Amino acid sequence: MKKVFVFSALCLAVSVQGLHSENRTHVLSSDNTSLVVTTNDGGAAYYQYFGPKIEDSDISGFFSVNSNYTGHTLPQFGLWSSGEKALAVKMPDGTMSLDLGMEKMERVADEKGELITLTFRDKVYPFAVRQFFRRYGGTDVFSTWTELANESKKGEVELLTFASASVPLTRDNNYLTQFHGSWAGEGMMSEERLPDGQSVIADKAGLRNAFGSNAGFMLSVGGKATENSGEVFGGNLMWGGNYKTKIVAGNHGINIISGINEETSAYTLKPGEVFTTPEFVMAFSQEGKGGISRAFHKWGRKYGMTHGDRLHDVLLNSWEGVYFNVDQDVMEQMMSDIASLGGELFVMDDGWFGDKYPRDNDHTSLGDWMVCKKKLPQGIKGLTDAARRHGIKFGIWIEPEMVNTKSELFEKHPEWVLSQSNRPVSQGRGGTQAVLDLCNPKVQDYVFSITDNLLTENPEIAYIKWDCNADIMNYASPYLPKKSQNEIYIRYHQGLKSVLDRIREKYPEVAIQLCASGGGRVTYGLLPWFDEFWTSDNTDAMQRIFIQWGASHFYPAIAQGSHVSASPNHQTGRELPIKFRFDVAMTGRLGMEIQPKNMTERELEFAGRAVAAYKEIRPVVQFGDQYRLLSPYDGPVAALMYADESKDRAAVFAYRMDYLCDQAVPKLRLDGVDVNKNYRIRDLTPADPSRPSNLDGKLVSGRILKYVGLNVASSLGRPYASVALSLTAE
Ligand code: GLA
């Protein structure tokens, strides 16, 4: 017999065949997606469903036809020990098993949406788990994570496996899309049919955990998904350190176990201590991979980054223009140039600091965050004054987690470096770079003080580029006791987060860029404290098409630092027209990274027009929905577009990456338009304003744009040709 008790508007209690007698069913629903979890008082909790939205009235029918789409929400080791687990601990008496029973379920509406909290307690040991399920308001993104509490008065509990999530997914001809790479070649996409058994996406860099592989992945259900069709699950982990996601495809379904990578990285809970695992964020789309990306972009702007609702400035960064050769005159010349091109911010990169050891190259000075008086006799004030005179904002580069062994800081505090007294310090960039021990609260205070001093002494600093050019090399903390040495990977990140919390609390307005030798930290583990990331040190617009394509799968355009640099490009040596370089950089947060003094008159004239054109479409690019149209992996033309929420304004970009005479070029079918509107097309960046694209000025219906498409073959009729178009509904 089926019993249904109304528990709350969205929370029903049903008796389910195959489960324990009194199971309560909890439904969290966004506009398009539902998550269904059942709990059993005194027992376990099970996932029942995560997919297209279902109504409360569907629930009893759901259970009458469905009894096997269930997975324990937190499979634990010890009593039913076979298979992969999300949680394994060692109790003070050596017991390795857990037997959690649910004590309490709470459901609240809060400023972020809705939150369900399940509290479990072990039936024998003083150990509790709180498991959270969040629906993020105004988005289709959900999340789950846990708190693990050692409630004993004296014994320590060792955490051996402590994943944030263990989420089941329907097994049905699934395809896994993931992103791998390295320095200057980040975010390369691969898509393969999910094999039987385990697939693992993991990274163990310690700090730059987005180079080797990104924590964001997609899994289709029921065949390969396209950009606009097919069912897709998207997941990502909000942890900036080592992570591991295991996708276990067995005969009965798929289980996705994701969390901090526990390899060589355990954690011991002291009596009374609570450990919080990072959030696993997830979405489900019936609109293909593009649907997952748009859900994450919307969520990212609202919850996953700082200032996702504020337009980001067009900037000039000094790095590729002058490298370490900064001084008052050249900085001022660059400020004057970017101001005259219509830019809004100038960022002085590396090279400005060091007193005893001036920072003339990458061998010295990290840690000595005082102005190099020889280069900048008027100090930072001289620069902020100059920026004010030129009517732009000023930003500055720091790399606060690091030290060079040739620095005053290292001479004073060698014990602040991650290293072991009886072994040599491993040294990275420049042969002298080492990592500060952020496990140590004194080092945390010091790292906080770097930003704090800069901003209190120079309140006009509007932007900070926070860099990180090393990984954890010497795995040893002089601060942590011997028995806690296996906690460095975790404690470092806890320390870093507490520094970032303090910075954000005191300086909520300042813009901060997350950089790690380029895209080493393209991660939602750290983005919540930052305004954007530096997508890659590779500024070659051709390769950037691929790198930005990869990043766009989870991270919004407003967060992607994307700069126009010199030709030939400094990383690849490739020569590209200025138009192509701008048309690529305009799809993210546009900037320049070049010495304007070395640009030709024609390039400068074009740059001024392109900056103005970008400002026109900036709200569409930075706040709009992105549609990837033609993949650079599939043919000679890559294309993408952005549209605002009302679909009244859009911007379209297409690039000719490869050229063979009379080669087939697919039409550009604009998925992001409203078929019921008519759009006026305008060429945003004609190379010669008197000869815009043949599409300029045309009024075309959304139906034609979407179903027939634009023929861009002639506009893209040579290598490295590109078009940037704006569409305005009339
Ligand atoms: C890293 C960054 C670059 C630049 C240099 C400065 O490589 O990714 O953008 O800031 O450091 O040393």
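This is a predicted model: local features need pLDDT of at least 70, side-chain atom pairs count only at pLDDT 80 or more; totals for chains, interfaces and linings use all residues.

Entry 1. I traced the strands and got a closed barrel of 8, in the order 23-24-25-28-29-30-31-32, with parallel pairing. From one strand to the next, the twist averages 30°.

Entry 2. Strand 24 (residues 345-348) runs parallel to strand 25 (residues 393-398), and 4 bridges join the two. For L345, I found the bridge partner in strand 25 to be K393.

Entry 3. Next I looked for what helix 8 (residues 488-506) does. Helix 8 packs on the sheet, where it touches strand 28 (461-466) and strand 29 (511-514). I noted an angle of about 170° between the direction of helix 8 and that of strand 28.

Entry 4. Where does R521 sit? I found R521 in the loop between strand 29 and strand 30 (532-534). Buried or exposed? R521 counts as buried, because its relative accessibility is 2%, under the 20% cut-off.

Entry 5. What does the side chain of R521 make polar contacts with? I got a polar contact with the side chain of E401 at 2.8 Å. I also noted a polar atom of the R521 side chain 3.2 Å from the backbone oxygen of L207.

Entry 6. I listed the contacts of R521, leaving aside neighbours within four places in sequence. L207 and E401 turn up again, and the list also includes R208, A210, W466, C468, L496, L514, A516 and L526.

Conventions:
Residues are numbered from 1 along each chain as its sequence is written. Side-chain values use heavy atoms; hydrogens and water are left out. Two strands pair if DSSP finds at least two bridges between them. Axes are lines fitted to C-alpha atoms, for helices over the stretch in contact, and angles run from 0 to 180 degrees between N-to-C directions. Contact means heavy atoms within 4.5 Å. Buried means under 20% relative accessible area, exposed over 50%, partly exposed in between (1.4 Å probe, protein chains only). A polar contact is a pair of N or O atoms within 3.5 Å; within protein, one must be able to donate a hydrogen and the other to accept it, and residues adjacent in sequence count only if both atoms are side-chain atoms.
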